[in-house]
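Hi,

Here is the structure I promised to pass on. Have a look at it first, and then read my notes below.

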Amino acid sequence: MAEILRLDPIRCDGHGMCAELLPELIALDDWGYPIITRGPIPDRLLDHARRAVDVCPVLALRLRHTSTTHGAAAVPTPAGAGGR
Amino acid sequence: MSTQILWFATRGAGVVSLLLFTAVVGLGVMASVRWQARHWPRFLTAEVHRSIALLSVVFLALHVVTAVIDPFTSLGWISALVPFASSYRPLWLGLGVVSLDLLLAVVATSLLRARIGPRAWRAIHWTAYASWPIALAHGIGTGSDASAPWMLGVDAACLGIVATAVAWRLLAGRRSADLPAVVASLGRGTFEKPGALR
Ligand code: SF4
């Protein structure tokens with residue numbers, strides 16, 4: 001069972017700490033809001049992902065189980081994908 | 001003799017708790033004003049805040065438990081957990097208990113944060129600002145070393161740190177969290193980040 005990162009863009013207030021802890025999967029857009037790489041989290045990054053989830057002060061970042069990679073691909077793109 | 005050891009433990013753990021909680025308040029403020037430096041990323045502030053908070057709970061537990069089991073004090077668990085229930089120095093001891101109870105709420109909600117949600121967690125977390133000065137008053141009012149010069153120095157230093165932190169927070173809040181800024185950030189949340197809607 002794979003895990004994916006899920007961002008609640010309404011809750012997120014751009015603290016950016018998640019990106020400090022998981023730069024492999026989380027980039028920040030021009031306003032400091034995270035852009036999260038889609039898809040299941042590689043095993044080697046799971047602990048870092050948990051730590052990133054823990055550090056978010058507004059609980060905007062969550063780990064979610066997905067049974068198939070197909071499910072992971074269906075995650076909506078968070079935070080405007082960095083454009084504009 | 002063992003009674004004395006318990007008493008020393010109570011006193012020592014009380015002072016250490018004050019020092020640690022002072023650090024926790026300072027780090028909490030640093031996290032909330034989003035301070036960072038070149039070699040000190042923000043996640044570090046948040047994580048050290050949490051680690052020292054848990055450590056200080058250990059010392060606080062030691063402070064309370066040794067005071068209660070010390071046969072000389074005959075306090076009992078009720079007076080350690082119910083404010084002003086103690087017959088011994090009810091006011092000063094009661095303040096310590098109030099501070100302890102507030103802190104237990106802060107710790108419990110922090111541990112259950114994912115379940116109760118960030119709003120309730122935040123609301124309860126604010127009481128930490130009340131818990132700290134009440135604890136200081138408890139120490140000044142009933143601490144065995146309260147009038148020792150070194151203890152007065154510790155009190156003054158801790159008070160200075162927390163007062164500075166609170167002032168910092170108030171000033172930072174005025175700049176970044178006044179109404180227009182809040183409105184602006186709400187607007188940003190809905191208008192500048194349309195990705196979720198696309
Ligand atoms: S998800 Fe949390 S930690 Fe990451 S940028 Fe948003 S508020 Fe900050």
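**What I found**

If you set aside its neighbours within four places in sequence, Y129(B) is in contact with V29(B), V166(B) and R169(B). One thing to keep in mind as you read: this is a predicted model.

Let's stay with Y129(B) for a moment. You'll find it in helix α7 of chain B, which covers residues 128-142. The side chain of Y129(B) also makes a polar contact with the side chain of R169(B), at 3.2 Å. And how far apart are Y129(B) and V25(B) in sequence and in space? They are separated by 104 residues in sequence, yet their C-alpha atoms are 7.8 Å apart. Y129(B) has a relative accessible area of 28%, so it counts as partly exposed, the class between 20% and 50%.

Is S17(B) buried or exposed? It's buried, because its relative accessibility is 3% and the cut-off for buried is under 20%. Its side chain reaches the backbone oxygen of A13(B) at 2.7 Å. Not counting residues up to four places away in sequence, S17(B) touches S56(B), F59(B) and L60(B).

Finally, the ligand. Where does it sit? In the largest cavity. The residues around the ligand include C12(A), D13(A), H15(A), M17(A), C18(A), P34(A) and C56(A). Sorted by class, the shell around the ligand has 8 nonpolar, 3 polar and 1 charged residues.

Cheers

Technical notes. Residues numbered from 1 in each chain as written. Chains lettered and ligands numbered in written order. Predicted model: local features only at pLDDT ≥ 70, side-chain atom pairs only at ≥ 80, totals over all residues. Heavy atoms only, no water. Buried < 20%, exposed > 50% of the residue type's maximum accessible area, 1.4 Å probe, protein only. Polar contact = N/O pair within 3.5 Å; in protein donor to acceptor, adjacent residues only side chain to side chain. Contact = heavy atoms within 4.5 Å. Near = heavy atom within 4 Å. 1 Å grid on protein atoms, 1.4 Å probe; cavity = no way out; pocket = protein on both sides within 12 Å on 5 of 7 lines; lining within 4 Å. Sits in = over half its atoms within 2 Å of the grid points. Nonpolar A, V, L, I, M, F, W, Y, C, P; charged D, E, K, R; others polar. Helix = DSSP H or I, 4+ residues; strand = E, 2+ residues; numbered from the N terminus.
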